[in-house]
Amino acid sequence: MRAAYIEKPGPPESIIVGELPTPEPTGRQVLVRMAAAAVNPVDTYIRAGTIKMDIPLPFIVGCDVAGVVEKVGPNARRFKVGDRVWGSNQGLLGRQGTFAEYAAVDEDWLYPTPEGVRDAAAAACALVGITAHLGLVRDARLQAGEILFVNGGTGGVGSTVVQMAKALGARVITTAGSDEKVRACRDLGADAAINYKSEDVAARVKEIAPEGVNVWWETLREPNFDQTVALLAPRGRMVLMAGRDARPPFPVGPFYVKGCRLVGFAMFNATPDEQRAAAEAINGWLAAGKIKPRIDRILPLDQTAEAHRLQEENTVGGAGTLAGKIVIKP
Ligand SMILES: NC(=O)c1ccc[n+]([C@@H]2O[C@H](COP(=O)([O-])OP(=O)(O)OC[C@H]3O[C@@H](n4cnc5c(N)ncnc54)[C@H](OP(=O)(O)O)[C@@H]3O)[C@@H](O)[C@H]2O)c1
């Protein structure tokens with residue numbers, strides 16, 4: 001099969017697109033004929049070796065999967081040949097990745113693709129959708145009527161958090177780096193979108209939410225706790241999920257006196273049951289059209305290195321040239 005893989009960690013150019021043996025599903029694995037996969041920032045960290053994780057070599061890059069069941073392993077029970085499925089959490093914690101014509105995936109990490117939902121949409125919503133649900137529902141316990149803030153409303157995570165928070169009945173404030181992206185945030189359902197390059201974000205949030213923000217979802221790799229804690233409502237929750245090297249100062253007094261909570265998580269550590277609960281809710285919203293994954297562009301497998309470069313330039317370099325997910329069609 002054709003696959004995008006590395007022989008050792010390195011820059012985007014170390015991605016080779018070539019032939020590898022098609023895997024045989026063993027145990028509870030299911031062989032998926034891949035129709036679409038999305039690029040996530042973590043793919044680039046693993047490829048670059050900046051996150052130390054065991055990887056099988058050659059290592060196929062990528063976490064997300066969407067396609068059709070081609071074959072089932074001897075102990076797989078959840079799916080049959082021909083079923084459309086999606087999932088995530090591959091290419092992590094020692095598991096092989098997905099950017100190939102076929103991927104052998106343990107059935108615990110796969111979910112049925114609802115009728116009428118395209119593979120590209122399912123892939124684009126996989127890792128970011130599960131992340132958004134874990135953070136909003138399991139961790140922050142966002143309630144209908146509450147106010148949620150998220151930075152980067154057209155980003156991979158941000159665009160999903162905006163739509164999911166709306167689906168959960170929250171009022172949503174978000175930011176973006178251009179007026180065009182501000183409009184895109186409103187199209188995604190945000191009640192307020194602030195241009196973080198031309199406006200004073202803290203002043204605007206204070207104006208829109210004078211009683212404070214109930215849930216602050218931080219996508220930035222360098223959070224500003226002084227500013228955020230000041231903008232949180234009493235008993236507000238802050239979600240952290242980016243910035244492994246960040247060591248910012250923290251306003252201890254203002255935080256505990258307000259009774260706030262801080263929660264951090266990495267989606268890949270969530271159990272199969274936790275991820276499945278998220279996926280079931282996502283399937284309901286995808287089927288109802290309440291979540292429409294924002295796809296910036298679709299590229300062929302041959303352009304995986306280019307896709308990694310673009311993702312890195314944006315997530316780490318702040319280029320601002322991306323507005324949503326990059327989807328790869330194997
Ligand atoms: N913990 C987990 O489980 C988990 C899961 C997924 C992702 N992540 C991490 O979360 C982060 C975001 O991921 P992603 O996929 O959403 O990346 P992304 O698609 O590259 O999005 C980054 C977003 O940040 C925005 N941004 C950049 N500088 C900003 C600033 N100064 N103020 C406000 N917004 C700003 C960008 O807005 P503009 O384009 O408008 O400039 C863009 O929307 C990454 O670090 C990723 O590794 C963690």
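1. The model under review is predicted.

2. Helix 1 spans residues 41–48, and six of its eight residues are buried, so the helix is largely enclosed by the rest of the structure. The buried residues are Val42, Asp43, Thr44, Tyr45, Ile46 and Arg47; buried denotes under 20% relative accessible area. Glycine 49 follows helix 1 and has a positive phi, near 80 degrees.

3. Strand 6 (residues 84–87) pairs with strand 5 (residues 65–72) in the antiparallel sense, over four bridges. Within this pairing, valine 85 of strand 6 is the bridge partner of glycine 67.

4. Strand 6 also pairs with strand 8 (residues 110–112), in the antiparallel sense and over three bridges. Here the bridge partner of glycine 87 is leucine 110, in strand 8.

5. The second largest pocket has a volume of about 220 Å³. Its lining consists of Asp139, Ala140, Arg141, Arg235, Arg237, Gly259, Arg261, Leu262 and Val263. By class, the lining of this pocket comprises five charged, three nonpolar and one polar residues.

6. Which strand gives the most to the lining of the second largest pocket? Strand 14 does, with three residues. Strand 13 (232–240) and strand 14 (261–264) each supply at least two residues of that lining.

Definitions and conventions: Residues are numbered from 1 along each chain as its sequence is written. This is a predicted model: local features need pLDDT of at least 70, side-chain atom pairs count only at pLDDT 80 or more; totals for chains, interfaces and linings use all residues. Side-chain values use heavy atoms; hydrogens and water are left out. On a 1 Å grid over the protein atoms alone, a cavity is a set of points where a 1.4 Å probe fits but cannot get out, and a pocket is an open set with protein on both sides within 12 Å along at least five of seven lines; lining residues have an atom within 4 Å of a point. Grid points are joined across faces, edges and corners, and a volume is the space filled by probe spheres set on the points. Ala, Val, Leu, Ile, Met, Phe, Trp, Tyr, Cys and Pro count as nonpolar, Asp, Glu, Lys and Arg as charged, and the others, Gly among them, as polar. Two strands pair if DSSP finds at least two bridges between them. Buried means under 20% relative accessible area, exposed over 50%, partly exposed in between (1.4 Å probe, protein chains only).
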